[in-house]
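The sequence and the structure are shown first.

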Amino acid sequence: MTTAHQAPGETRPGGRTARTRRAVLTAVSEELADGGFATLTMERVAQRSGVHLATLYRRWRSVDKLVCELLTDMSSGVPLPDTGTLPGDLRALAHGIGRFYGADRTRGLIEAVVAAAARDPQAATALRDFFDERLVLAGELVRRGIARGELPADTDPEAVMAALGAPFYYRILIARRPVEPGLAESTATAVWAAARAGAYATGDRRPAGTPERTGPERTGPEHDGPEHEGPEHEGPDGNGADDNGAPERGD
């Protein structure tokens with residue numbers, strides 16, 4: 001997905017910083033293809049890319065930042081659509097996601113990082129940071145839909161986007177099957193229907209600026225006095241009455 005994310009220090013697409021970044025990301029991709037996340041080190045990336053090790057640490061600090069940068073760079077091939085309607089945007093984005101994860105290179109990278117995330121906290125951090133950023137970025141489609149009145153005001157944009165991506169991750173990571181063209185269409189249709197029905201609503205539909213109630217609102221004469229006040233709640237001797245109006249008997 002196209003993003004405003006920019007590597008630290010990047011100024012010009014054709015400048016030296018941009019060329020350094022491209023060399024580093026290419027090296028990261030090749031290292032992951034050769035040995036996976038387990039063998040990825042800053043030293044190996046520096047050797048393969050020809051970029052000084054100190055430069056790598058200054059700009060990226062760790063291998064998990066490098067992997068996150070690579071995933072971000074690769075996902076720039078999935079632009080965020082603006083068709084004028086949320087159903088159209090969901091359909092266009094779903095087809096873009098399908099093409100992205102249908103590519104062998106992308107699929108191999110995601111599989112490697114997900115496998116590493118189960119064992120390595122750094123890989124888990126890189127993967128979580130990547131998807132968190134994608135969800136927030138893509139959530140703009142839903143926010144536009146809310147502004148147009150297409151969805152309930154309390155719809156959670158990130159929840160909608162997570163639902164749109166989930167079938168693709170299930171297909172490639174769990175079912176281990178190729179991403180078929182029909183998956184994008186069926187996913188977009190289902191997510192749109194669920195969003196319209198309020199499936200991703202947070203339950204907070206208060207207008208902006210309305211304070212949240214801290215307790216149940218009590219109005220009407222039945223709430224004006226203490227609870228159980230009045231003769232209908234007491235027997236002749238002050239004891240409670242049963243359902244027929246007779247005093248309760250003790251043991």
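Asp89 is buried, with a relative accessibility of 0%. The model in which this residue is described is a predicted one. The cut-off for the buried class is under 20% relative accessible area, and Arg144, at 22%, therefore counts as partly exposed.

Asp89 and Arg144 are joined by a salt bridge in which the closest N and O atoms are 3.3 Å apart. Asp89 belongs to helix 5 (residues 86-102) and Arg144 to helix 7 (residues 121-147), so this pair ties together parts that are 55 residues apart in sequence.

## Salt bridges in the whole structure

Side chains of opposite charge can pair when their charged atoms come close. How many salt bridges does a search of the whole structure find? The search finds 16.

One of the pairs is Glu30 with Arg48, whose closest N and O atoms lie 3.1 Å apart. Glu30 is located in helix 1 (residues 16-35) and Arg48 in helix 2 (residues 42-49); the pair therefore ties together parts that are 18 residues apart in sequence. Glu30 is partly exposed, its relative accessible area being 34%. Arg48 is likewise partly exposed, with a value of 35%.

Arg177 has a relative accessibility of 43% and counts as partly exposed. For Glu180 the relative accessibility is 39%, and this residue too counts as partly exposed.

## The surroundings of Ala194

Ala194 is part of helix 9, which spans residues 181-196. When residues up to four places away in sequence are not counted, Ala194 touches Ala199 and Tyr200.

Ala194 and Val160 are 34 residues apart in sequence, and their C-alpha atoms are 8.9 Å apart in space.

Technical notes:
Residues are numbered from 1 along each chain as its sequence is written. This is a predicted model: local features need pLDDT of at least 70, side-chain atom pairs count only at pLDDT 80 or more; totals for chains, interfaces and linings use all residues. Side-chain values use heavy atoms; hydrogens and water are left out. A salt bridge is a side-chain nitrogen of Lys or Arg within 4 Å of a carboxyl oxygen of Asp or Glu. Helices (H or I, at least four residues) and strands (E, at least two) are DSSP runs, numbered from the N terminus. Buried means under 20% relative accessible area, exposed over 50%, partly exposed in between (1.4 Å probe, protein chains only). Contact means heavy atoms within 4.5 Å.
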